[in-house]
Amino acid sequence: MNNFTLGRYIPIDSFMHRFDPRAKMIAMLTLMVAIFIPSGFLGYIGVFLVICIGIYTSKLNLKFFWNAMKPMFFMLGVLLIINVLVVRSGDPLITIGSFSIYTNALTQTGYIALRLIFMVMITTLLTATTKPTDLTVALEDLMKPLKKIGVPANEIAMIISIALRFIPTLIEETQRIIKAQTSRGVDLEEGSIKEKVMAVLSLIVPLFVSSYQRAEELANAMEARGYVPNRDRTRYKQLHLKMKDVVLMVVCILVLGSTIGMMIWL
Amino acid sequence: MPIEIINLSHEYNAKTPLAKVALCDINVKISDGEMIALIGETGSGKSTLVQHLNALLLPTEGKIQIGDQIIEANVKSHGLKQLRKKVGLVFQFPEYQLFEETILKDIAFGPKNFGVSAEEAEQKAREMIKIVGLDENYLEKSPFECSGGERRRIAIAGILAMGPDILVLDEPTAGLDPKGAKDMMDLFKRINEDFHKTVLIVSHDMEQVMTYCQRVIVMNHGKIIEDCNVHEFFQSSDLLKQLHINPPALLQFKDLCKEKGIEISKDALSIEECVREILKGVKR
Amino acid sequence: MKKIEVKECTFSYDNTRNAVDAISFSVEEGSYTTLIGHNGSGKSTIAKLLIGLLEMKSGEIIIDGLTLNQENLYTIRDKVGIVFQNPDNQFIGATVADDIAFGLENHLVESSQMNTIIEKYAKSVNMQDYLDREPTRLSGGQKQRVAIAGVLAMNPQILIFDEATSMLDPQGKAEINALIHQLNQEKKMTILSITHDIEEAALSDHVIVLDQGHVVMEGTPEEVLCHEKELLDLKLDIPFSLKIANEFEKQGVKLKKKITLEGLVNEICQLK
């Protein structure tokens, strides 16, 4: 689990960490939209600058972002090969016999690569600088308007926060069961298909049984402490929008505006 | 099958920023047929040590010799699976590892994994269910119909069926009622005495340690800080208090007597001996 | 005054066997009552019936003068706080502070007031330095203390401990037991502790022994815990002091039965 960077929160204190999670979420969404506007390379300058400032002020290691992007490179490689073979527009760049590589193959791959890289950087920036629980709270607030059309925003937030709370517990439990079954001779790596099926069953059944029991006990504990689904609750965690949060959102919206402008202008 | 642990250390997440030393320079020799208690505060490294005996964790330094098999740090070992057959490890709350439709199949699961034929494995299951004190007609039931205490017995039967020479148990009586706990400890004693298996029990319950075990190994911060005979260990509650261990009731009783001027010798480690000494003193 | 009254209460999980069978007992205001019985004797079922997590087949439960029914279920849950067995499965919040806040949020306490309340109750269980900790970085005993703080924050009059120490190590167990006594003596809270720890029962005011969903014995610890044969038959243990007294009797000296070691040693002193 240790080299898994995508989506992981890094508990340090930085300028980026201190933004209101709602502001960060909205900023992320705006930039995502901007990325998908076909505005040419120039249009991405704004996005690029915001990301650079974001990374710089997050005090995060560049290597951290590099690690987050690694899984994408294979995909991009495949994409490049396909584009080189398929795209037949633009000027021929290199010609080997009857086969030519066209400039558009490279520019198109470049576009997609840039978009993906930006996307991963933005989401990494958000998740690395915002506690998962704060994201849940932000989500709950941002979904508030949806309550009017019957979306159970509070319940969704409760489900997410309980899921987040129990992920480490369940990982621990899974490791324990794996060890227990390994010592009973289960081999997860070798063996026939039938043996493998048994091996997986020997993990899943106990995990399911204990999770079910956990869920029941948790439900009892929640009810005993006065939780009633669909009833109003107050909330301990309150978010306060500050000036800098507003600035962040305005900047991102301006960036979006500029890419739209580029698209129309070019 | 004797066990020898030599200069064993274990570091979790070795060579990363999250590295944490869990065991430090452990040296232990365990002979055949011993019944040993492994005690220490939560987080002292007991579970980590126990998992090494089953090769679930491998030493980052030092080595372990179990029978003629050697597991050494930084040396690729073979036959770890065979080792697991020889050392039966019962985790805490083992009732949560049951998964088969019938108890028979669940007990036979371990032996079958180690290459025992289906018939032989079922034969083993029939034997073991009786040893753990349940009736043979349980075998066709689903383990999930049984009570918590029964399921724990079934899980232990599943380990015993693998025919280990050494049985290692991590807090086997946690959560059981007094009768259940006593029956469980009696079972381990029988396995030790009648079946001549080495038994190593991780326990927090000093009464159990005093009543059932012959030797005590105490761990603290990843080190072994005491390894001695039960009689020596329970000589006085001072040592125990130093080690943050709540003395067993008998020692508490002896201390109270001492406060009131009733002297009982340090060697008296059973209720019977203590009472005899007190009465001797009174009659004099 | 009776704080909890259970009258002829019956409950069954599967309609074939009654887990709780026409049981009647009561808990006095301000008392520390222990409910003991082996695993499967129906103890935990009673805890769930008392706060309406399970619905009884017949009978009546009166808590603080109110008869438990659908209408006043929530009023009753406000009066009764419960701490369950498994420390992990009752930790709802992401951190200690969030977990204590959970009950407050349900009770519509204003968020501006929560911090004061959280700090106060975290302090009362000595967890004030851990407010930002996640449950995975707490010991079992610490998690149970947080659970107690979360319950106390809702100002209950009655506290039920449903085998709250059975999954803890000796240190955790001792911490929680000390806390229970403190709540009973200093805060005058009514305590109902469900346990199979006979030494804990010896230190309570009133002991109720259960078997197969029935009350089989009831009284002060002195009255109940001297019934050695019955307790052993019920898969329970007897206090250690009685084991010593029995040995005295075996060796020809009869002592008055005492359920604590202190009491026993005093008796022994009188032999001289």
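Let's start where two chains meet: 22 residues from chain B and 17 residues from chain A make up the contact. Keep in mind that this is a predicted model. On the side of chain B that touches chain A, helix 2 (80-86) and helix 3 (103-113) of chain B each supply at least two residues. Sorted by class, that side of chain B has 11 nonpolar, eight polar and three charged residues.

Chain A itself splits into two domains: domain 1 covers 21-131 + 241-265, and domain 2 covers 153-224. Taken over C-alpha atoms, the centres of domain 1 and domain 2 of chain A are 37 Å apart.

Now over to chain C. Here you'll find an open sheet of six strands with mixed pairing, in the order 6-7-8-3-9-10. Strand 6 (80-83) and strand 10 (214-219) of chain C sit at the edges with a single partner strand each, so one side of each has no neighbour in the sheet. On average, and ignoring direction, neighbouring strands of this sheet are turned by 20° against each other.

Look at one pair in particular: strand 3 (residues 32-36) and strand 9 (residues 206-211) of chain C run parallel and are joined by four bridges. Within that pair, Leu35(C) stands opposite Ile208(C) of strand 9.

| Helix of chain C | Strands of chain C touched | Angle between directions |
|---|---|---|
| Helix 1 (residues 43-50) | strand 3, strand 6, strand 7 (158-162), strand 8 (190-195) and strand 9 | about 145° with strand 7 |
| Helix 5 (residues 140-152) | strand 6 and strand 7 | about 170° with strand 6 |

Note on methods
Residues are numbered from 1 along each chain as its sequence is written. Chains are lettered from A and ligands numbered from 1 in the order in which they are written. This is a predicted model: local features need pLDDT of at least 70, side-chain atom pairs count only at pLDDT 80 or more; totals for chains, interfaces and linings use all residues. Domain bounds come from an automatic or database domain assignment. Two strands pair if DSSP finds at least two bridges between them. Axes are lines fitted to C-alpha atoms, for helices over the stretch in contact, and angles run from 0 to 180 degrees between N-to-C directions. Two residues are in contact if their C-beta atoms, placed from the backbone, lie within 7 Å. Ala, Val, Leu, Ile, Met, Phe, Trp, Tyr, Cys and Pro count as nonpolar, Asp, Glu, Lys and Arg as charged, and the others, Gly among them, as polar.
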